[in-house]
Each structure stands twice: as structure tokens, then as C-alpha cells.
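Hello,

Please find the structure below, with notes on what was found in it.

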There are 2 protein chains.
Amino acid sequence: MKRSAERPDAAAVWDVVARVDAGDLESAAALIRVLHAADQADVLAALSTDERRRLLDRIDSAALSSILEFLTPDELEHVAPDVELDRLAEALDDAPAHRAADVLQAISEDAANVVLDQLPHAELVGPLLQHDDQSAGGIMAPEILTLAPHASAQQAIDHLRATPAPTVRDLIYVVDHAGQLLGSVHLHDLITALPSTHLRDLMSDAGPSVTTDTHQEEALQTLQRYGLHALPVVDQSGRLVGVTTADDLLNIAQQEATTDMFRLVGLVDDEALTAPIDTAVRRRLPWLMLNLATAFAAAAVVAAFEGTLARVAALAIFLPIIAGQGGNAGMQVTTLTVRAMALGEFDRHFHRTVLPREIAIGVVTGIALGLLVGAVGWVWQDNPWLGVAVGVSMLATMIVSGLAGLLVPVLLRRTGADPALAAGIFVTTVTDVLGFLFFLGLASLLIDRIA
Amino acid sequence: MKRSAERPDAAAVWDVVARVDAGDLESAAALIRVLHAADQADVLAALSTDERRRLLDRIDSAALSSILEFLTPDELEHVAPDVELDRLAEALDDAPAHRAADVLQAISEDAANVVLDQLPHAELVGPLLQHDDQSAGGIMAPEILTLAPHASAQQAIDHLRATPAPTVRDLIYVVDHAGQLLGSVHLHDLITALPSTHLRDLMSDAGPSVTTDTHQEEALQTLQRYGLHALPVVDQSGRLVGVTTADDLLNIAQQEATTDMFRLVGLVDDEALTAPIDTAVRRRLPWLMLNLATAFAAAAVVAAFEGTLARVAALAIFLPIIAGQGGNAGMQVTTLTVRAMALGEFDRHFHRTVLPREIAIGVVTGIALGLLVGAVGWVWQDNPWLGVAVGVSMLATMIVSGLAGLLVPVLLRRTGADPALAAGIFVTTVTDVLGFLFFLGLASLLIDRIA
């Protein structure tokens, strides 16, 4: 199966960036024009503010408009403030409302208001800025086509001809006089119907919908669970106000997965491999400090048993084994739990059975690993009691790591925090501290037989 | 913002499962009928083989057909073999071809052939079974509407009326006499065009496409990068043979993210919080054993310095700090790298600048953490030379962890393996081994001043 290590367009992007770096703006501007807007967006994102401003001057409004569409929210925050407000207004003139809102969210509120005043569809864009940007209201497209149930297929077609293409171009939504969603009609069914057919006789059931204040992750779960390609968004009174689609939610899914993966190891959300070094350091250091603070907890346990270690230095050999196994087993369970929560599976399937199950798995893997490590400890150090200490504490550590791996994300979520937030750091702390306590405590009790 | 901890339908699913468990099949069958197919699928997935067979007998073909559509590939492998072949053929009778192919891939090849022979659209389903199930050819929908460029809008509409709804119901693909993709026409544009207009004058450019042997992750990257909601799939000769859509690729994106997260900590792909305990143990134990083997490498380093530790037992206190910091910093970089590779960003943006950048970050965070840990070591143990040993080895460990975090996934990928495969285990091994070597080695050199 084909898996290309590098995209062919990557070379072209780097070529333009290199020319800008070399000060050759003329040829860079000529080259960037032939690129796809997605690649043009990459070029802009890779430049410094100065270089970007100079290149932006040579890009026309239409090109700028499509480039803005391909910048991620993170990239927009760097690029959008470098564009003059009049040019921004011109570029967003006929951009989909939720795209325009994304751009306006990347600049200051005052600047956003100046641009908004110049947009012909300000009444669609404005309300989007009111919603939390991680809610269904913040990501929805408000350009939907709505008709009454008594409209005919022919009227719908006439209406379509008179309307600019809405975001979900293949569905017409049927609403009652209060704007409540009744159902939807697919263009395909509209085309194949008799012109006089009422929409109420063509429409499918409304199906699942979400409200504007639903979290984007839950909107994603609903769309995925019910295999939809568009999910209606209603306001608090049940009035249809927008739609969010599989392609928008695909981007959300990738962002949410990235966030979870990053947070598990204590990375903040928008850390990227391209962020400037000082930014990266400022973002990573606080979490490494937190990790350090928790590492000192484990160190304190070891310090408490310094007397035991002074009598048998060989005990230190087994510390990395206890810590390594406990940490890995705990991270396995935490990862499973965080992912199941993100996919909406945790509460649906798991919460009733998962705790006894993880304890059982901890016991079984703990016995297997405990016997193995105990035997190695016995033979290696030629002392059966050392084997007993390391084996039994391995068993106890495996049980604890299953419990901690499960309970850390559950408790984080219960306090209202993200279940993935630095979960890995907390889990390894618990397993390190308790693992060392088991092992060094047991070794202290047996010290006369071990020494 | 609303974030419901539990879905309302979860209770209904558990209610049906409980009734089946209690042997009350009649009322379970009555209850399951009113659930959404997605919830019905959950019930079937949660039952044992025996219970499932008995409940399946009470579900009609139409319901079974929609249930099959909502089962994940993993669930299908448990459920599909429990359905009689004739019923399976009946249920798949008018299922989309790629859905039918998913079901057939979950049963034995012989059984699949028996069912395939009975399907009216066997000529669409059959070829899908030939492709790797992680390739674009394995996930595409072959039901596409293709017309010649000289066809008129009216002919296209007549054609639509005569054709059952294809998967991507809002696009008509325009192909030449050899089946090569020329462009596509949206239904909205078709409806609003004059009936005599040629499709060639209505169509948009073909845009990006993938071949049947493209890996699904790359297809996903292409769709996302270019903001498409449908991505054409062509065969080796460039002939259009199918399409894959944003909603299909959304499922793929979630699967790929899950796989990466799991593999990072040494979990095999289809591990779930519901798998039976013996299955979970069988799947986790080999990776824990691998982790154990690598933990012994770190233990061996400590053992080599047993003499040093015997003189200053307090050195053992700092082992968890070195290991904890190195492991966490390494996992941060590995996670960033694996995710960037999955999103197609690594090669596009990063590979030229990322190595010097990670070294620089390692140096800066290493100096900050080294000074801090060194000072704590000095004050805590009242020995400046111990502070020097722990501080300098912390700096060295942070640099090594950045390098290892980056190079482990890069090297894994270069050997053709998944860059996430047990990457966390390898990275923490490297950081543990080298971190202990730095610290205990340096402490040994300074032992006369520390002791």
C-alpha cells in the first residue's frame, strides 16, 4: 500500500518560503499564485510577521479570501492581525459566515467590529461571535435553506435558484411557523419528485439535533454515533439556527484527539513542533515543573528509607523496575479511559463494569509479573527474601496502577477539569510513590533476612 | 456550556441488556424495536454469543440491516458470525456496497462468498473485498454517478431520476470515454442551470484524488488539507472507481487517533475497556513484558554502580527524579512527533528544523531544571558536589530526552513500522538508561567529595 513519506507540494511551499527569506519577493509572489490555497496558507504560516506583511501586499483579495479559509485557528492568530482591516473586509465579503467568524475571532474585538460593519452578511456572522468557540453555536454554519412543510417541490427549486449556495448544499430543512425543525428534504429527492409534491411528503424525520450551547465534542459524538453527514443546531427555544457538518467536525475530531494526546503528557493544546523555542519552553516548563514537584514526592519516599538502602544498596536496582512497570500499566489504563470518554463510550458502556475489571487485570498481570520479577530478584541477588519483597510489591503496584489509571481521569472529570489534563503526570506519581512505599517498606520489614 | 456526563439513551440500552440477561427475551425484543439502530447495535455488541443469537431471531431483516450499519468493524467481528447466512444476505440486499463489504470481511471467506452470490449488487461489493481494508480502495463507496461532459443538465436530471441514490448524493462526476475524472457538478448547480447546458460548462475542476492503494490515513490528510467533503478514488489507470466522504473518513480519523494513542503506551489497537479480562491480559502482558525487559536495562545500569550507592545511599533518592523528568520530557516530544506525522504535518513543515529546535529546547529546559534540582540536591543533602552531579545530569538527560523523543518515532517509521508502536516504552528506556548513566557516573567520579 502506498504511504508517501513526503507530499510533492511540500517542496513548492519551501521553495517560496526560501525565496521570501532571500528577499526575492517578486518571484515568490509569482510562484505562490500557482499554488493551491492550502499550500499558500502554509507559506504564510511559515513566514515571519515582516516577511508575511510584504508578501500579503502582493496577493489579491480573491486569493487572500481562499487562503484565509485554509488557515487553522492557531495560524489565523498569527496571520490575520497582519492584514489591513479594509483588505480583510474585502476578502471576507462572500466567505461563509462561520469562516468569517473564525477570522474575526483571531483579531482584537475593536478590529473585528470595524470589519464586521463592512460585511454584507454581518447579521449572520455577528451572532456566531457570541457563542463559546468550542460550542455547536460557535462552529455551526448559519446559512441554511429553510422552507415551510406546505411548500411544493417546484417552489423549493425556485427558491434554490434565487438563493446563493448554502453551506449544506444538498439539504433543505423544513420548519414550522415558529422555526422548529420538522425534517429535511434531499436535493436528489426534490429533483426526482413531481413538482406539485409538498415538502412534508418528501421530507425525512428531523433526527438528532444539538443546541447552540452543546460542547463541540458532544456534537461530534452525536453526528458520528448516528452516522449523519450534517447535524442541525437549534437555539434554546428549539428554533433551527444552523448546521454543522461532517467535514467541520472532522477538523474538530482531530483537534480534540490532539488535545487529549498532548494533555496526557502535560503539553498545552497549541504546542506545535514549529512554535518558536522561547514559546515552546514557556509552555512546556510549567508542566515539567509540576512533574518535578511530583517526582520529589517519589524521591521523598526513597529518602525515608535511606537507612534501609544504606544497608542493602542493591535494593536501588529494583526501583526503576517497580516505577517503570507501574507507570506503563497506569498509562495504559489512563489512555484507554481518556479515549473512551472522548468517544462517548465510557458512560455508555463502561462505567458499571470497568473498576472491578481493571482490578482483576491488575491482579492477573501483577501475579505474572510479580512471579517473574521475584524470581529474577532471587536469582540475581541470590536472596529469596529480596525476591519476595520485589515480587509482592510488583503485584501490589500493578493493582494500584490499574486503579490510579482509571480513577485519575474519572476524578479530574468529576471536578470539571479535562480528564486528560496532565493525567499521565498524576498517574505516574501515584504509582511511583505507592510502588516505592510497598517495595522499600517490605524490604525494611525483611531487612534482617535480606541484608 | 453543556457537557452531559451520560447520554439519555444509555439507560434504555442497559435496560434491554438486563432483560436479556434475566432471560426475558419477549420484553427485551419489544423494547429493542423502539430504539434507534445505533442503540440496537450497542445492545447486540454487549450480549454474549448465546444471548445474541436468541435475540437476533426476534429481529426482522430491515432492522437487522440498519443495525449492521451501526456496528464498528470490531463489533461486527463478534456479531456478524452469529447471524445465519440467508438472513445476512437478506439484510445486506440493499445496503451500500462498502457497508456490505465491511460485514463480509467480518465473517469467514467461504461464508462471505455464499452471501456475496445472493447479493444483487455483488459486482460492486466483490471488488471492494480485494483491496487492503486500510486503503482508499477498501473504504471507498463505489456507487457514484458518472456522466460524459457533453451530457446536458436535463439528461443528468433524467439520469438521476432513473438511478437509485448513490452514496454522495449531491455530486455528479464527469468522466471522459476512458473513465478518467474530468470534474464534478453539484446538484444545486444542476437545478439552477438551463436544461440544455452541457455538464462541461457546469463542472468544477476535478481537484485532488487518491488511488485505490493509497493508505486511508493519507486519504484523510488529503481530504482535510483541501477542505473537501468527498474525495474521488481512481484505479491504477486513472479511471474513477469510487469516492470516500468526510463522514467515512471521520470514523477513520477517530480510529487512527485511537490507535496512535494506544500504541504510544504499548496497547494493541482493538483493546477496549469492555474486552473480557483474559483477552485484555493476553493483549497487555506482552507489552508489559517488553517494558519489563527494558526496565531491566535501566536496573542493570544501577547495578553497575552498586558500589557507589553502597557508599552514598542518598544517591538513590535522585534516581526517580532523573527518570521521571527524562521520561516525561521524552514522551512530550514523541507525542508531538507521532501526532504531527499522523496529521501529515511532520514532513510538510517540520523535518528540516525540528532536530536543532528540540536540542535547543532540551538545553534551555535542562539548564532551568538542572539549576533547580541541583540547588535542591545541594541544600537537601548539604553537599554542593551532589548538587553538581544531579544538576548536570539533569541537563544532559533533558537534551537526550528531546533527541530520543524525536528520533524513536522517526526511526520506527524509517524501518516501515508504525511510528507510535510502543514508542513510549523505547523512549523511557533510553532516557532512564542514559539518565542513570550520567548521574551515577558523575557521582562516581565525584564520590570522594560526595561521600
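Predicted model: local features only at pLDDT ≥ 70, side-chain atom pairs only at ≥ 80, totals over all residues.

Residues are numbered from 1 along each chain as its sequence is written, chains are lettered from A and ligands numbered from 1 in the order in which they are written, and side-chain values use heavy atoms, with hydrogens and water left out.

Interface

Chain A contributes 134 residues to the contact and chain B 133 residues, where contact means heavy atoms within 4.5 Å. The two chains bury about 12,200 Å² between them, with 65% of it on carbon and sulfur atoms; buried area is the accessible area (1.4 Å probe) that two parts lose on being put together, summed over both.

Between chain A and chain B there are 6 salt bridges (a side-chain nitrogen of Lys or Arg within 4 Å of a carboxyl oxygen of Asp or Glu). One salt bridge joins A:Arg225 to B:Asp42, with the closest N and O atoms 2.9 Å apart. Over all chains, the structure holds 26 salt bridges. The A:Arg225 and B:Asp42 pair runs from helix H15 (residues 216-225) of chain A to helix H3 of chain B. Helices here are DSSP runs (H or I, at least four residues), numbered from the N terminus.

On the side of chain A that touches chain B, helix H17 (residues 277-304) of chain A supplies the largest share, 17 residues. That side divides into 75 nonpolar, 31 polar and 28 charged residues; Ala, Val, Leu, Ile, Met, Phe, Trp, Tyr, Cys and Pro count as nonpolar, Asp, Glu, Lys and Arg as charged, and the others, Gly among them, as polar.

Helix pairs

In chain A, the axes of helix H3 (residues 37-46) and helix H4 (residues 49-56) are 8 Å apart, at an angle of about 140 degrees. Axes are lines fitted to C-alpha atoms, for helices over the stretch in contact, and angles run from 0 to 180 degrees between N-to-C directions. H3(A) is therefore oblique to H4(A) (angles under 35 degrees count as roughly parallel, over 145 as roughly antiparallel, 65 to 115 as roughly perpendicular and the rest as oblique). A:Val43, A:Leu44 and A:Ala45 of H3(A) meet A:Arg52, A:Leu55 and A:Leu56 of H4(A).

In chain B, H3(B) and H4(B) are oblique to each other.

Regards

How values were computed:
Helix = DSSP H or I, 4+ residues; strand = E, 2+ residues; numbered from the N terminus.
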